[in-house]
Amino acid sequence: MKKVQVAIIGSGPSGLLLGQLLYKAGIDNIILEQRSKEYVLARIRAGIIEQITQDLLDEAGVGTRMHREGLVHHGIELAFKGERHRIDMHRLTGGKSVMVYGQTEITHDLMDAREAEGLPTEYEAAHVSIHDFDGARPRVRYEKDGRTHEIECDFIAGCDGFHGVCRASVPAQAIKTYERVYPFGWLGILSDTPPVSDELIYTHHERGFALCSMRSPTRSRHYVQVPLTEKVEDWSDERFWDELRARLDPVAAERLVTGPSIEKSIAPLRSFVAEPMRFGRLFLAGDAAHIVPPTGAKGLNLAATDVRYLSRALIEHYREGSSAGLDHYSEKALRRIWKAERFSWYMTSLLHRFPEHGEFGHKIQEAELDYLVHSEAASTSLAENYVGLPFED
């Protein structure tokens with residue numbers, strides 16, 4: 001049996017970032033991941049990171065490439081009725097901004113740092129199970145190379161995503177979940193083509209929502225809203241580009257450069273929260289505890305804020321012998337999570353076509369967008385939420 005202070009389940013950004021921050025504070029940890037390293041790195045996810053996420057990556061010592069290659073954005077564009085309107089986040093929030101830097105790149109940077117320090121990560125750990133997290137000495141069991149392994153630890157961090165074992169191991173009567181499943185998904189395409197604009201374009205259109213985003217000055221990420229009944233194999237590259245162009249404003253449509261897809265997928269949209277986020281010595285973080293639709297660019301950033309709260313609480317426990325941070329972790333994290341859930345729901349409701357809402361609903365959305373882009377107060381509210389609300393420590 002191995003012994004470690006903190007066992008982290010899941011090697012996505014939240015697990016890797018938590019492991020790196022704990023290591024920097026001298027706290028012994030191990031990461032278990034059921035998939036291979038190559039599989040984890042192949043996942044295409046979010047690309048917009050708030051200042052708090054940038055600060056945490058710097059604190060973890062992995063921000064160098066981010067600052068060199070990331071694209072700082074001071075605004076976003078909202079398009080409706082064939083015209084684009086810029087929300088100047090930098091001006092409206094007193095100088096705040098966001099950065100475009102792909103989640104895959106963040107994962108790569110964190111993996112490289114962990115390997116450079118020789119920190120233990122067990123990839124392809126099969127049949128992971130957690131035990132006795134309601135007692136003083138939790139245990140984690142897994143299989144690797146035909147053998148069963150067991151880890152004894154002080155705490156377990158469940159960073160293993162929506163379908164992971166950690167939340168599923170909590171007794172049903174001890175947890176409450178809230179969920180909204182949307183009747184559509186995002187069909188996304190990644191291509192080595194220049195972005196349509198210097199900033200993201202969020203488009204509300206009678207054919208459905210569209211988003212023009214990017215990963216670099218030469219790599220674009222575009223999305224169109226599709227029904228959940230659609231299958232990705234039915235969408236050729238040509239069909240996707242034609243549909244995207246039909247939803248863009250004339251200037252963006254003219255500037256759109258097409259090319260072969262590197263990756264293409266359909267992601268369903270849902271809002272999900274599990275409460276609480278602490279169960280004895282088990283703590284949930286990231287997608288294990290909450291999911292937001294990507295419209296508000298909050299998923300990765302919420303995972304980072306969970307890690308901020310949890311890492312500080314664990315450091316406080318080991319350095320000062322205080323349980324205050326651990327005791328209040330769930331409460332603090334959930335207060336911020338629900339605000340992000342609200343904003344993500346708002347952006348999703350504002351920009352997508354809901355078939356059941358009909359033409360009246362479409363007109364209401366246009367009126368809301370018109371108010372939003374012409375009201376300083378409404379634009380400020382959107383900008384404040386988009387760049388990330390202040391922490392409530």
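**Notes on the fold and strand pairing**

1. The accessible surface of the chain comes to about 16800 Å², and 49% of that area belongs to carbon and sulfur atoms. The model is a predicted one, and every value below is computed from it.

2. On overall dimensions, the radius of gyration is 21 Å, which agrees with the value near 21 Å that a compact globule of 393 residues would have. Taken along the principal axes, the box filled by the C-alpha atoms is roughly 65 × 45 × 45 Å.

3. For contacts between residues at least 6 apart in sequence, 71% join residues at least 24 apart.

4. Charge: the chain carries 47 positive and 58 negative side chains. The centres of these two sets lie 2 Å apart.

5. The secondary structure consists of 13 helices and 19 strands. In general, strands of a sheet pair through backbone hydrogen bonds, in a parallel or an antiparallel sense. The remaining points take up two sets of pairings.

6. An open sheet is formed by 3 strands in the order β3-β7-β4, with antiparallel pairing. β3 (48-49) and β4 (71-73) are at the edges with a single partner strand each, so one side of each has no neighbour in the sheet. The contact of β3 with β7 (residues 98-100) rests on 2 bridges, and I48 stands opposite V100 in β7.

7. β11 pairs with β1 (residues 2-9) in the parallel sense, over 7 bridges. Within this pairing, K3 stands opposite E152 of β11.

8. β10 (residues 139-144) pairs with β11 in the antiparallel sense, over 6 bridges. R141 stands opposite E150 in β11. The two strands β10 and β11 form a hairpin with 2 residues between them. In the turn, D145 has a positive phi of about 55°.

9. β11 also pairs with β18 (residues 282-284), in the parallel sense and over 3 bridges. Here the bridge partner of G158 is L284 in β18. To sum up the pairings of β11, the strand runs parallel to β1, antiparallel to β10 and parallel to β18.

Definitions and conventions. Residues are numbered from 1 along each chain as its sequence is written. This is a predicted model: local features need pLDDT of at least 70, side-chain atom pairs count only at pLDDT 80 or more; totals for chains, interfaces and linings use all residues. Side-chain values use heavy atoms; hydrogens and water are left out. Helices (H or I, at least four residues) and strands (E, at least two) are DSSP runs, numbered from the N terminus. The radius of gyration is taken over C-alpha atoms; the globule rule is 2.2 Å times the number of residues to the power 0.38. Contact means heavy atoms within 4.5 Å. Accessible areas come from the Shrake-Rupley method with a 1.4 Å probe; for residues, only the protein chains shown count as cover. Lys and Arg count as positive and Asp and Glu as negative; His and the chain ends are not counted. The place of a charge is taken as NZ of Lys, CZ of Arg, CG of Asp or CD of Glu. Two strands pair if DSSP finds at least two bridges between them.
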